[in-house]
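I opened the model to note how its chains are built and where they touch. The entries below follow the order in which I looked things up.

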Amino acid sequence: MKRLLLALLFVASPLFAAEDQVVNVYNWSEYMPKEVLEKFTMETGIKVNYSTYDSNEVLYAKLKTIRGDGYDLVVPSTYFVNRMREDGMLLKLDKARLPNFQYLDPALLNKPYDPNNDYSVPYLWGTTGIAYNSKKIKPGQVRRYIDMWDPQYKGKVLLLDDMREVLGMGLKVLGYSINDTNEKHIREAYEKLRELMPNVKVFNAESPKVFFLEEEVTVGLVWNGEAYKAGKENLDIKYVHPVEGAALWMDNLVIPMGAKNVDNAYLLLDFLLRPEVARVISEEIGYATPNKAAMALLDKDFRDNRMVFPSQDDLKNSEFQIDVGEATYVYERYWELLKVGRN
Amino acid sequence: MKRLGRIGYLILIYLFLYCPIAVLIVFSFNDSQYSLSWKGATLNWYRVLLADGQLLRVALNSLMVALCSATLATAIGTVAAVTLFRYRFFGRRLLYALIYVLIMSPEIVMGISLLMLFVAIRLTLGFWTLLLSHTTFCIPFVVVTVLSRLSGFDRNLVDAAQDLGASEVQVFRRIVLPLLMPAVLAGWLLSFTLSLDDVIISFFVTGPGFEVLPLRIFSLVRLGVKPEINALCTLMFGLTLVFITLSQVLQKEKR
Amino acid sequence: MKGDLWFQRVSVGTTWFWLAAFALIPNVMVVAASLLERGDRDFIRFALSLESYRRLLDPLYLRVLWNSLYLAALSTLTCLAMGYPFAYLLARVPRRYSRLLLLLVIIPFWTSSLIRTYAIIIILKTRGVVNNILLWTGLIQAPLELLHNDLAIFIGLVYTLLPFMVLPLYAAIEKLDPLLVEAARDLGAGWLKTFARVVIPLTLPGIVAGSMLVFLPALGMFYIPDLLGGARTLLVGSLIRNQFLAARDWPFGAALSVVLTAVMTLLLLVYARSRRLAYRGDLP
């Protein structure tokens, strides 16, 4: 009996040992190259505990559940930075601790969702458009969102498991803004999307590219970086900015209020702002970096890739995603109805 | 002819049960990143797996929780079983019912109920919440295992001991426990395996700093079919085989 | 002995404390939460409301519940249909093989169902084993859509839960006295009658136990529809999970859980009834 207790204590002892330096990161899936974190650990000795989510809503709910205590660095989209800021969930950033902040493109700073960037640091930005398998679908065959409604794509469509993206697409197809707060318009978008449902095979935001690579779907609403990554592994997978107007978004690094390893979080944050590091992140993950110095370092082919860096023409009718405030409840209601209802 | 049909049916079902896993194991040795066509044998994926530091840490976490919760559950469960069997006390029937309800309870309901409890009492989600949760869902299994052995118990032994002046504690330690040992160990092994494999309850009650293996596998699997995952699953399957063999050996000794 | 009462008190006390703290109270909390309102910035606002149950009665959600029950029931019946003959044959196998053969059923039973679900993905996906074989033999021209739909979930459930049906069935069938079967046949009963009148009723507890061990997990296991299902399927397990994961509607999630628990309690009562029926008074 005594021996059993001793054995137990022995096994459990790592629990009581002094913790080495860690930083807990919660990020979108497939949104950070492994080698970047490994380099960070090598340089600073700080271990990175990395876990992932696939939507802002999951991030928000998780932070609420654990009361901000558990993660040191998280990556919400702009409209959620707004909300979390107002909820007092974010730590005010001390810019003096972020010397590499200077490398960021001023054109992307000091926006209404976070004046002066008191709470957030831009990480990556991108667009949401249409990816397709050019072996099954001729280039030019799908140029608009509404093309996906065609019955020939029955059971072949992938949609992002993201409330704002999908309802935004519905709104755009009807000519409304993706940030529309009018309940009538949102309901119309919902009705329109219901017509699409027979074509939809799966909702996925975790790793949409897998469904393209495994040939489970041939066309879908995805983020440009996903299409880029898929295209690297299978040259048939292409991306197009829809005529109705692709959505524009930006993800930001923030430190939750209640984080335990704030110092380590600052170290990691500053590390990620290094031009060389930002360059690696951008080229590996396939999204555009807001880091001006990093942009100058980018590989030429990558820099010219319109999938990642769309032209003015590509963005003709595009809009930036912003917080819709109270209308969020309306969006949530119709999103739930869309997911629950069968066709 | 009928005999052939019978054997054939048995084989068919066995094939059904084992084919998918066999495919998994075979392709963990396949020297190809993507396709399912055989490109030669390799141990590469196992090497990649064992080099993954975070994965090993997560596996260790799972092991820690399983060991601690199995032991705690066995301790509490054995005491509970003996208590239910020997003593008449207030609320005995209710306790019996509660235990059976726990076994039958859908795991997802247990998961969210414990989450609510921990959030309400502001307990940080992590190792301790996992320990408490895993212990809780293992206890009923231990109780049932021990109770089934107790039902074949010879009361005369206890009576004789008590006639000779032994106290309750002594009776428990010297007579009851040794005779129950095989069931207790079986209960421990059962709890250990249940804890190691648990996905649903862990999903709700674990916290950011403490990940467990099944959840890690779950998030890996969602990113698609990859040979490293095949290797991981093969290793886990091998571990299961080891445990089953162990429990079979224990059962043999019971006789 | 003075120590005796103390020992007894501690034993009873520990048992009671643990189960009350971690089984009774949390479940009471769930019921309570289902009767409260959804909070704005927090999860729950302490105001009584039947809103969650009202939402449940919406035909959309009732359909989700119905689909889940239907899929679980279908899986259970399939497992029963596949598993009963299997268990019966297993029980009739000569002694020297039965140990090994039983072990071969226990192994998948103990293997993590997550791993087994993953194995099914490899089999069913568009570029998976089944499609590759069918395409290679020329039986089909284009790959079949076997994954990310109800069919895949059904296959996944049956595959994962079959051992859970077989083992209790085996335990019950093994106890069946072959002489009873023989006696019935001697008295002139055909195979069907023997089965219906003798075998089935005597193995009923095994049937019910196996069915419950399949039906209940089939309702709550959200990771199977998660991995194998598509957009068109929403089952109650995933629905509950979503309330706590993303939708932040804890009262609604609690209400769904209460319904699930109610279904389970109903089945438990059926089980208790069946045991009484099987033994007709002389309980073991």
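**Chain A: domains**

I began with the domain assignment of chain A, which gives domain 1 (15-125 + 250-304) and domain 2 (126-248 + 310-340), the bounds coming from an automatic or database domain assignment. This is a predicted model, in which local features need pLDDT of at least 70 and side-chain atom pairs count only at pLDDT 80 or more, while totals for chains, interfaces and linings use all residues. Residues are numbered from 1 along each chain as its sequence is written, and chains are lettered from A and ligands numbered from 1 in the order in which they are written.

I found the C-alpha centres of domain 1 and domain 2 of chain A 26 Å apart. Their contact takes 17 residues from domain 1 of chain A and 13 residues from domain 2 of chain A, where two residues are in contact if their C-beta atoms, placed from the backbone, lie within 7 Å. On the side of domain 1 of chain A that touches domain 2 of chain A, helix H4 (78-86) of chain A gives the largest share, with four residues. I took helices (H or I, at least four residues) and strands (E, at least two) as DSSP runs, numbered from the N terminus. By class, that side of domain 1 of chain A has seven nonpolar, six polar and four charged residues; Ala, Val, Leu, Ile, Met, Phe, Trp, Tyr, Cys and Pro count as nonpolar, Asp, Glu, Lys and Arg as charged, and the others, Gly among them, as polar.

Next I traced an open sheet of three strands in chain A, in the order E2-E1-E3 with parallel pairing; strands pair if DSSP finds at least two bridges between them. Strand E2 (47-53) and E3 of chain A are the edge strands, each pairing on one side only. E1(A) and E3(A) pair over two bridges, and Val25(A) stands opposite Leu73(A) in E3(A).

H9(A) lies across E1 and E3 of chain A and runs at about 55 degrees to E1(A), with axes fitted to C-alpha atoms, for helices over the stretch in contact, and angles from 0 to 180 degrees between N-to-C directions. Which residues of helix H9 (residues 262-272) of chain A are buried? I listed Asn264(A), Ala265(A), Tyr266(A), Leu268(A), Leu269(A) and Leu272(A), a residue being buried if 20 or more other C-beta atoms lie within 10 Å of its own, with C-beta atoms placed from the backbone. The partners of these buried residues include strand E1 (22-28), helix H2 (34-44) and helix H10 (275-285) of chain A.

**Chains B and C**

I then turned to chain B, which has eleven helices and zero strands, and in which 44% of the 255 residues count as buried. Chain C comes to 13 helices and two strands, and 45% of its 284 residues count as buried.

The contact between chain B and chain C takes 59 residues from chain B and 66 residues from chain C. On the chain B side, I recorded 46 nonpolar, eight polar and five charged residues.

Note on methods: Buried ≥ 20, exposed ≤ 12 C-beta atoms within 10 Å, placed from the backbone.
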